[in-house]
Amino acid sequence: MKKILAFSGSNSSTSINQKLVEFIASEIKIHTTRVINLVNYTAPIYSEDQEKNNAFPGMILALKQEISEADALIISVNEHNGSWSAFFKNTVDWLSRLDRNFLEGKKILVMSTSPGKRGGVGALEYAKSVFPRFGADIIDSFSFPSFYDNFSIESKTVTDETLLLGLREVLSTFAHQI
């Protein structure tokens, strides 16, 4: 049984990417999955001066430890103007300064969602191109379109049967490849 760490790149209290991560984590039965919220791992905006004068924030050290203890990661990246949110970029900036290869040996399922039909595909494609620079092994990815049309927040489940089948197929592949 492998350890999976799951989180979204959002700092919104109503994050649909966090809701998607929580749903996906609940679907994995053959491994141990721990869901965290990056809001609990905040750090000041990265700058060389901040790093030099104040060292690394304790919460970044804690997050790095969480990542290093996991065998695999599930990350849902939220999209702001076709890329990651500033919040998530800041987190990645701090982590990569702490350890350039902070994702070394980590198998990753990367996903994204949005209210629109593109499902955050811009941020997803960016993540797929950037994570390997830090050592990640992207196992699979998916974009979840039109979140509010395809997911019930009340019942915490995917409402579109075809989309649900596709998600389960991706999850099965991921779970067996880690």
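1. Asparagine 81 is exposed, with a relative accessible area of 84%; this and every other value below comes from a predicted model. The residue sits in the loop between E3 and H4. Most residues other than glycine have a negative phi.

2. Serine 146 also has a positive phi, near 45 degrees, and is not a glycine either. It belongs to the loop between strand E5 (137-144) and helix H6 (147-150). Is serine 146 buried or exposed? Its relative accessibility is 10%, so serine 146 counts as buried. Asparagine 81, by its 84%, is exposed.

3. On the overall fold, the protein chain has 7 helices and 7 strands. Read from the N terminus, the order of elements is β-α-β-α-α-β-α-β-α-β-α-β-β-α. Of the contacts with a separation of 6 or more, 77% are between residues 24 or more positions apart.

4. What radius of gyration does the protein chain have, and what would a compact globule have? The chain has 16 Å, and a compact globule of 178 residues would have a value near 16 Å, so the two agree. Along the principal axes, the C-alpha atoms fill a box of roughly 50 × 35 × 25 Å. Buried residues account for 48% of the 178 residues.

5. The aromatic residues deserve a separate look. The structure holds 11 aromatic pairs. One of them joins phenylalanine 56 and tryptophan 94, edge-to-face, at 5.9 Å centre to centre with 75 degrees between the planes. This pair links distant parts of the chain, 38 residues apart: phenylalanine 56 is in the loop between helix H2 (48-54) and helix H3 (58-69), and tryptophan 94 is in helix H4 (residues 86-98). Phenylalanine 56 has a relative accessibility of 22% and therefore counts as partly exposed, the cut-off for buried being under 20%. Tryptophan 94, at 0%, counts as buried.

6. Why is the pair of tryptophan 84 and tyrosine 126 called edge-to-face? The planes of the two rings stand at 80 degrees, with centres 4.9 Å apart, so the pair falls in that class, which takes planes over 60 degrees apart. Here too distant parts of the chain are linked, 42 residues apart: tryptophan 84 lies in the loop between strand E3 (72-76) and H4, and tyrosine 126 in helix H5 (residues 121-130). Tryptophan 84 counts as buried at 7% relative accessibility, whereas tyrosine 126 counts as partly exposed at 32%.

7. Ring pairs also build a cluster, made up of Phe23, Phe144, Phe147, Tyr148 and Phe151.

8. Phenylalanine 174 is in helix H7 (residues 161-177). Its relative accessible area is 0%, so phenylalanine 174 is buried. Which residues does phenylalanine 174 touch, not counting residues up to four places away in sequence? They are Ile4, Ala72, Leu73, Ile74, Lys107, Ile108, Leu109 and Ile139. Threonine 91 is 83 residues from phenylalanine 174 in sequence, and their C-alpha atoms are 25 Å apart in space.

9. Glutamine 18 is part of helix H1 (residues 16-27). With a relative accessible area of 7%, this glutamine is buried. Setting aside neighbours within four places in sequence, glutamine 18 is in contact with Phe7, Ser8, Val35, Ile36 and Asn37.

10. Serine 96 lies in helix H4, the helix that holds tryptophan 94. Its relative accessible area is 16%, so serine 96 is buried. When residues up to four places away in sequence are left out, serine 96 touches Phe102 and Phe134.

Definitions and conventions:
Residues are numbered from 1 along each chain as its sequence is written. This is a predicted model: local features need pLDDT of at least 70, side-chain atom pairs count only at pLDDT 80 or more; totals for chains, interfaces and linings use all residues. Side-chain values use heavy atoms; hydrogens and water are left out. Helices (H or I, at least four residues) and strands (E, at least two) are DSSP runs, numbered from the N terminus. Buried means under 20% relative accessible area, exposed over 50%, partly exposed in between (1.4 Å probe, protein chains only). Contact means heavy atoms within 4.5 Å. Rings of Phe, Tyr and Trp (its six-membered ring) pair if their centres lie within 6.5 Å; planes under 30 degrees apart count as stacked, over 60 as edge-to-face and the rest as tilted. The radius of gyration is taken over C-alpha atoms; the globule rule is 2.2 Å times the number of residues to the power 0.38.
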